[in-house]
Amino acid sequence: MGYVLSRDTFASLISDLSQNYRIFAPVRKKGAGRFTDVDVVMYDNVSNAEAIELEAKSDYSSKEFITPLSETLFYFTENEVKESDIDNRPILVFGRSCDIHSLKRLDQIYLDNGLAKDPFYKRRRDLVKYVLIGCSHSFENCFCVSMESNKCDDGYVFSVDLADGNVYSDVPDPAFDSYFAKYSKDKRDVVPKYVTENEVKVSVTDSVPHSIISHTLWDEYTTRCINCGRCNYVCPTCTCYTMQDVFYTDNGKVGERRRVGASCMVDGYTDVAGGGQYRRKNGERMRFKVLHKISDFKKRFGYQMCVGCGRCDDICPEYISFSNIINKVSQASKEAE
Amino acid sequence: MGKLDINVGKLKKNAFRYSKVRGETASRIRIPGGVIDSKSMGKVIEIAEKYGTGVINITNRQGIEIPGIKLSDMEKVNADVQEIIDSLRINQPEKGKGYPSSGTRNVIACPGARLCPFGCYDTTAFAQKMENNIYPNDRHVKIAFTGCSNDCAKVRMADFGIIGMTEPQYNKDRCVACKACINFCKRRSVGALELVNGKVVRDTDKCIGCGVCVAYCPTRAWTRSREHYFRLVIMGRTGKKNPRLAEDFIKWADEESILKMVKNTYAYIEEYIDPNAVEHKEHIGYIVDRTGFEEFKKWLFEGVNLGPKAEVNQRVYWGGRHYDKYGG
């Protein structure tokens, strides 16, 4: 069932929802970008509709609630351990189709990749319901159509599309019907907007030959890439983390274990005992990342990891285009046949 | 054409150069902040072709000098530069008469935050505001703006040098200890950051507010302060007697205070300038050397309310070579 709301009643709906749900949504942070007086759109807790950035694509992805960049998992002292507390209220996360598609990838790694489910992931994941932000147009570097993540058939409780001063919502979850019935002036079928074509197109090949490992196409990234890891930190499907065991300095017997985001592009990722480092060159790191996203993950799980959101291309300070690399790999694979 | 009968003092104040070539002058175009629109640039070209020799000098202080103009053409040139004066919004008591003074030099600015990734503020806008604040004035004052501690505008050669600063804001919850900020602070800046228990600690005494940590942080754990801050360095100079670099005076200063302090300096100059100074021109620094820094500060701080973050060096000592005392 779908509803039409005015911007004002949508605002009332959001403040009503915020009584029962926390709301995690893209927010335009003024002047918080890399450069002076440049904004950044990233996720934060909000309590009113005005704060939600519904028009621009977020620079950072919605994964930051379920997999925070930095999270204390537990505290320890002597023989005791205590898990950290979290806010157990359910949370509505606003995301686009690519973000919702990325959830399957996150779940795959944390919940369905071996015997154990990650409890610290699960306790957050269980609180989350997604709100779909419709895409009325493709953004600069999006290639979701090629990655088949441009459209969401399920996985959201309601959708939000701005058009002609109104808010259009598809509400597949009946639990939210009462909220919408209360504020909507018009009930009708709504189909969330999605894009059917991106300017950027990639062709992903299923047959990447082993010889791609030593292909020269990676060489330029050894010098072009600055191994900052931005592409990983903004990626909605990157799941790598590392641990910090911290001992409080006033009392060395008390401390905490923190999980922090890790990047396969950043120094230290492949360091091993004895000083070894498996991928020293940035070109090698790029190869690992790209092949993981468009080949290795699929070999293991049967579908592509990359959702084509293009955030890696948006944020790369060196103008490296991930989508271009995908096409280069396909081309090189074809030539190798 | 009759014999030339020119008031050279007036000519100079009208922003024309006294040229070594007899009968010739050069028109000096002010470009506050170093930004000129293409139409005005077109006018410069037109003047150079019409009255000059088709040559345009780019000056050391981001101005333009059009040489080879006949002294007899000055009035016509003044009529033509009006369009440029209007377009660059130069203060002028009487239209059509050219520039009203030249003592207070063109205000310099690096490209700043409009273009440069490291710029901590809009240098051009501040320079234009400063120009509006102090021009026209015959007193010899040099002011320069630079976006960050790189000091590409070489503001330490000026009487007042304004260096952009940002106060890095740290959100530890977004920090993944990738160490980009620590490494780049060390390599590109002063090494004010270290990793303690998986999070970054900033040495606030050492930090120069350059913003390198913010520029290199991949997660937005580091962001810029909402406020733009400035390091004010003062009384740098070139010249024959005692060339020297400007020294740090105020760290974390604010825009309004800087505008006010520079304005106050003019009253101080009127009070203490050497009445016998050649062409009534004396670098402020030499006046400060004579009156003592305490007296200068008294005038400077008149009506100024520095922000809570401002750190003032109450004593400032300058170095440089003293050719006037010890010879070359």
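Reader: How many residue pairs does the rule find in polar contact across the interface of chain B and chain A?

Author: This is a predicted model, in which local features need pLDDT of at least 70 and side-chain atom pairs count only at pLDDT 80 or more, while totals for chains, interfaces and linings use all residues. Residues are numbered from 1 along each chain as its sequence is written, chains are lettered from A and ligands numbered from 1 in the order in which they are written, and side-chain values use heavy atoms, with hydrogens and water left out.

Across the interface of chain B and chain A, the rule finds 14 residue pairs in polar contact, both residues being at pLDDT 80 or more. A polar contact is a pair of N or O atoms within 3.5 Å; within protein, one must be able to donate a hydrogen and the other to accept it, and residues adjacent in sequence count only if both atoms are side-chain atoms. On the side of chain B that touches chain A, the largest share, three residues, comes from helix α6 (residues 212-216) of chain B; helices here are DSSP runs of H or I with at least four residues, strands are runs of E with at least two, and both are numbered from the N terminus. The residues of that side divide into 13 nonpolar, six polar and six charged, where Ala, Val, Leu, Ile, Met, Phe, Trp, Tyr, Cys and Pro count as nonpolar, Asp, Glu, Lys and Arg as charged, and the others, Gly among them, as polar.

Chain B gives 25 residues to the contact and chain A gives 25 residues, contact meaning heavy atoms within 4.5 Å. The size of an interface is often given as the accessible area lost when the parts come together. Between chain B and chain A the buried area is about 2,000 Å², and carbon and sulfur atoms give 52% of that area; buried area is the accessible area (1.4 Å probe) that two parts lose on being put together, summed over both. In chain B, the residues that lose the most area to chain A are Arg174(B), Asn197(B) and Arg220(B), which together make up 28% of what that side buries.

Arg174(B) also takes part in a salt bridge with Glu64(A), whose closest N and O atoms are 2.7 Å apart, and the rule finds one salt bridge across this interface. The term stands for a side-chain nitrogen of Lys or Arg within 4 Å of a carboxyl oxygen of Asp or Glu. Side chains of opposite charge can pair when their charged atoms come close.

Over all chains, the structure holds 52 salt bridges, and one of them joins Arg17(B) to Glu65(B), with the closest N and O atoms 2.3 Å apart. Because Arg17(B) lies in strand β1 (residues 16-18) of chain B and Glu65(B) in strand β4 of chain B, the pair ties together parts that are 48 residues apart in sequence. Arg17(B) is partly exposed, with a relative accessible area of 40%, whereas Glu65(B) is buried at 8%; buried means under 20% relative accessible area, exposed over 50%, and partly exposed in between (1.4 Å probe, protein chains only). Within chain A, Asp44(A) and Lys29(A) likewise meet in a salt bridge, at 2.4 Å from N to O. Asp44(A) lies in strand β3 (residues 40-46) and Lys29(A) in strand β2 of chain A, so this pair ties together parts that are 15 residues apart in sequence.
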